[in-house]
Amino acid sequence: MHKKIKDKINSAYMVQNYKKILPFVKPYWGRAVLAVIITIPVGSMDALIALLLKPYMDIALVEKSIGATAYIPLLIIAFSLLQSSLNYASTYLNTWVGRKIANDLKIKLFDRLMNYEASFFDKTSSGEVQFRFNGDVDTACNGLISNIKLLITRVVSSVALTGVLFYNSWQLALIALSVMICALYPLTTIRRRVKDIMKKTVFSGSQVVTHFNEAYSGNRVITSYNLKEHLQNRFKETLQSVFTLGIKMVQRTGVMSPLMHFIISIGIALVIWYGSYLITSGEITTGSFVSFIAALLMLYTPLKAMGNNFNNVINSLMAVERVFELVDAEPQITDKPEAVKLSGEIKDIEYKNVSFGYAADKLILKNIDLKINAGQTVALVGNSGGGKTTIANLLPRFYDVTSGAIKINGIDIRDIGLHSLREHIAVVFQDNFLFSGTIRENIVLDKTDVSEEALNTVVKSACLEEFIAELKEGLDAQIGERGVLLSGGQKQRIAIARAFLKNAPIVILDEATSALDNKSEAVVQKAIDNLMKNRTVIVIAHRLSTVRNADTIIVVKQGKIVEKGSHEELLELEGAYASLYKTQLK
Ligand SMILES: Nc1ncnc2c1ncn2[C@@H]1O[C@H](COP(=O)(O)OP(=O)(O)O)[C@@H](O)[C@H]1O
Ligand SMILES: [Mg+2]
């Protein structure tokens, strides 16, 4: 009966979440089941002690004879020895299984994270990623192990203790159980009470992590703008809101435990009152009564504690819920089942009436038509914010078009496998991410079969030869996290070297030299010129001097193509390009 009530409290919610975890338990089910089975005797210990109290009281204390009760102390020692060993084994097994499950979940989530499209990262903070993809799994799994273990021992012990209650006196047992139902009732409301607070707590918790990330990545800006105090204050504010939420949580749930405690005390009082009546009327023996009370106290104590622990239970269940929200959320940009591989030479790239908006209700690109033949260079120019980067980002499918289509060799890129598509495109951004490690690692990336000779060619083409020759460790020099030990031009050339090694037929250059001073720009430009040879190129450049030689220049303004032609043609036109060019010449 006790179990039934308990189930009812969380049934839908708990079952639905634990069910989702089952596939993750499956690989380890043998150990998991064993871990569960050995907690059963652990839970029944309490009942045994309570049960033994009856013969002990009735024979040793009331009849004042020893008889069979001589074995009781020995029995207790033997049983608790067994119990302790099993307890150890179950802790060990539970932790083993729990950690394995947590690892598998994290691997799954990491895979999800890798496969999310750009728009996911647009709207998710770094703090949220760390909090939800890593922290939540720990909360969920740690809670899960201890909860399952606790739940099973409690259920077993409750069932056994309830048996002892009925064995001693069914009338008293009915009273005790009715009170227990009343005492458990408030727990059914907890989830509802804490749900919105929990949501806010996750948000604030993520913000805390984001503060740390920003303090790390933004330390130069923070130092130069004297932002220490400002950021410290922001951090304090966030912490304060986490604190307030924590307090609110306690306000809403803290009343549970005292309330249950109170109801349970009423139950004990009722039992003692009615019990005395039953004893005096001779319906039960003193031994039965003492055994009953002992069992009842043992049954109620964990109940009272549960009022407090239930918060943790709910917390970890909510973490499970959040984890599976991520597990269940499929990335939007994926391979179609019938996706094809891009094979053979690139013949042409075509944007056909492409419109696109980051948000559904606001189009950024409108009716873009653009054709690039193999080996050609197309330059996108125009004022900042016009949509040049957006046009380029659609080709490797960082985002998918809202309407229209982009085709390579006449095949819609949405019908091409993502891996194959991206294999064919090398992108050099204005700010390229470098991994912590060596220069070599950053150029080679995941390739394991790059010969020293090939690497040297790449280094030469990317104009890195001189720089690397100066380094004591050469290619194996460490570059620091995000390449902090390098200059902007050096970082850029490493990114270009990557693109060389990738040897993709299509190259996108998005303001690759805009962040550089004139001198390093010249070197990087040389590397870029090498990279552009014999490839199909989309180049976005701020400085028009770098796009003069493009086969076609396209002027983008407010998401539309306003001019198209060669440098000379556009100058003759005396339109947007000509005026841009003139302002820059000045
Ligand atoms: N990830 C994004 N989410 C929402 N809006 C964006 C995003 N990136 C760019 N935009 C908006 O799209 C427009 C075009 O931006 P972009 O393509 O970067 O211009 P350009 O490269 O020509 O400077 C801008 O108004 C910009 O605010
Ligand atoms: Mg841009």
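A residue counts as partly exposed when the number of other C-beta atoms within 10 Å of its own falls between the buried limit of 20 or more and the exposed limit of 12 or fewer.

**View 1. R548 in a loop of the predicted model.** The model shown here and in the views below is predicted. R548 sits in the loop that runs between β8 (536–540) and β9 (552–557). Because 15 other C-beta atoms lie within 10 Å, R548 is partly exposed. In sequence, R548 and D104 are 444 residues apart. In space, their C-alpha atoms are 53 Å apart.

View 2. The domain assignment divides the chain into domain 1 (2–328), domain 2 (333–422 + 554–586) and domain 3 (424–550). Domain 2 is written as two segments, 333–422 and 554–586. Taken over C-alpha atoms, the centres of domain 1 and domain 3 are separated by 55 Å.

**View 3. An open antiparallel sheet of four strands.** The strand order is β2-β1-β4-β5. Pairing in this open sheet is antiparallel. β2 (365–373) and β5 (411–412) each have a single partner strand, so one side of each is left without a neighbour in the sheet. Both stand at the edges. In general, strands of a sheet pair through backbone hydrogen bonds.

View 4. Six bridges connect strand β1 (residues 348–356) with β2. I349 has I408 in β4 as its bridge partner. Strand β4 (residues 403–408) is joined to β5 by two bridges. On that side, K407 is the bridge partner of D412 in β5.

**View 5. The shell around ligand 1.** Which residues are found around ligand 1? They are D122, Y358, I364, S384, G385, G386, G387, K388, T389 and T390. Helix α13 (residues 388–394) gives the most to this shell, with three residues. By class, the shell has six polar, two nonpolar and two charged residues.

View 6. In soluble globular proteins, nonpolar side chains tend to be buried together.

View 7. Which residues does A497 touch, leaving aside its neighbours within four places in sequence? The contacts are I443, V458, V459, A462 and L464.

View 8. Strand β6 (residues 425–428) points I425 and V427 one way. A426 and V428 point the other way. Are these residues buried or exposed? All are buried. Four bridges join β6 to strand β7 (residues 506–510), and the two run parallel. Within this pair, A426 stands opposite V507 in β7.

How values were computed. Residues numbered from 1 in each chain as written. Chains lettered and ligands numbered in written order. Predicted model: local features only at pLDDT ≥ 70, side-chain atom pairs only at ≥ 80, totals over all residues. Pairing = 2+ DSSP bridges. Near = placed C-beta within 6 Å. Nonpolar A, V, L, I, M, F, W, Y, C, P; charged D, E, K, R; others polar. Domains from an automatic or database assignment. Contact = placed C-beta atoms within 7 Å.
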